[in-house]
Amino acid sequence: MSNEPIPLGKALASFNALWSPRIVTSVNDYDVRIAKVEGEHIWHVHDDTDEFFLVLDGELHISLREPDGERTVLLPQGAVFTVPRGTEHKPYAPSGAAILMFEPAGTLTVGDRHDEIPDHVDSTTGHALNA
């Protein structure tokens, strides 16, 4: 962990892989991750942890499957949203986005339970291959 400021723009410019979060720092037992996203992720759920999203650039949509049915939240640049633990969700960014996530260290991007993982994603880490 660095004891110097971390310019998020510079950190985001250091990689191009989509849906492959990078840890920029840690807070206690939590990772602060940034990612570039475009298109759709997969339906997944984190059984034991909430998932926090901050949209740094662009626009992120998160579809949620809740007891009352399915809904989608729209997060413009600068918006934050927390997906509650146990809620099945699918993030997507039709025009691309840069996001920051805050979650317990070791949390998989594909959650604890998920739809079939595409061939371009590592099933053990949830990160894009060739990232």
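These are my notebook entries on one predicted protein model.

**Ground rules**

I work with a predicted model, in which local features need pLDDT of at least 70, side-chain atom pairs count only at pLDDT 80 or more, and totals for chains, interfaces and linings use all residues. Residues are numbered from 1 along each chain as its sequence is written, and side-chain values use heavy atoms, with hydrogens and water left out.

**Entry 1: the chain as a whole**

I looked up the secondary structure and found one helix and eight strands. Helices (H or I, at least four residues) and strands (E, at least two) are DSSP runs, numbered from the N terminus. Along the sequence the pattern reads α-β-β-β-β-β-β-β-β.

Next I looked up burial. Of the 131 residues in the chain, 44% are buried. Buried means under 20% relative accessible area, exposed means over 50%, and partly exposed lies in between (1.4 Å probe, protein chains only). The accessible surface of the chain comes to about 7200 Å², and 49% of that surface belongs to carbon and sulfur atoms. Such areas come from the Shrake-Rupley method with a 1.4 Å probe, and for residues only the protein chains shown count as cover.

I also looked up contacts, meaning heavy atoms within 4.5 Å. Among contacts with a separation of 6 or more, 64% are between residues 24 or more positions apart.

**Entry 2: strand S2 and its partners**

Which strands does S2 pair with? Strand S1 (residues 22-27) pairs with S2 in the antiparallel sense over five bridges. Two strands count as paired if DSSP finds at least two bridges between them. S1 and S2 form a hairpin with two residues between them, and Asn28 in the turn has a positive phi of about 55 degrees.

S2 is also joined to S7 by ten bridges, and these two strands run antiparallel. Here I noted that Gly39 has Ala93 in S7 as its bridge partner.

**Entry 3: Val37 and Ile99**

Val37 lies in strand S2 (residues 30-40), and Ile99 lies in strand S7.

Is Val37 buried or exposed? Val37 has a relative accessible area of 2%, so it counts as buried. Leaving aside neighbours within four places in sequence, Val37 is in contact with Leu18, Trp19, Leu60, Ala93, Gly96, Ala97 and Ile99. I also checked Pro21, which is 16 residues from Val37 in sequence and 9.1 Å away in space, C-alpha to C-alpha.

Ile99 is buried because its relative accessible area is 2%. With neighbours within four places left aside, its contacts include Ile34, Val37, Phe53, Leu54 and Leu60. Ile99 and Leu54 are 45 residues apart along the chain, yet their C-alpha atoms are separated by 5.6 Å.

**Entry 4: salt bridges**

How many salt bridges does the structure hold? I found seven. A salt bridge is a side-chain nitrogen of Lys or Arg within 4 Å of a carboxyl oxygen of Asp or Glu. Side chains of opposite charge can pair when their charged atoms come close.

I looked at Glu103 and Arg33, whose closest N and O atoms are 3.0 Å apart. This pair links distant parts of the chain, with Glu103 in strand S7 (residues 88-104) and Arg33 in strand S2, 70 residues apart. Both Glu103 and Arg33 are buried.

I then looked at Arg85 and Asp50, which form a salt bridge with closest N and O atoms 3.5 Å apart. This pair also links distant parts of the chain: Arg85 is in the loop between strand S6 (80-83) and S7, Asp50 is in the loop between strand S3 (44-45) and strand S4 (51-66), and the two are 35 residues apart. Arg85 has 47% relative accessibility, so it counts as partly exposed. Asp50 is partly exposed at 31%.

Arg71 and Glu66 form another salt bridge, at 2.7 Å from N to O. Arg71 is partly exposed at 38%, and Glu66 is partly exposed at 29%. Finally, I noted that salt bridges with shared partners join Asp31, Arg33 and Glu103 into one network.

**Entry 5: His61**

His61 lies in strand S4. His61 counts as buried because its relative accessibility is 15%. Not counting residues up to four places away in sequence, His61 touches Thr72, Val73, Leu74, Lys90, Pro91, Tyr92 and Pro94.
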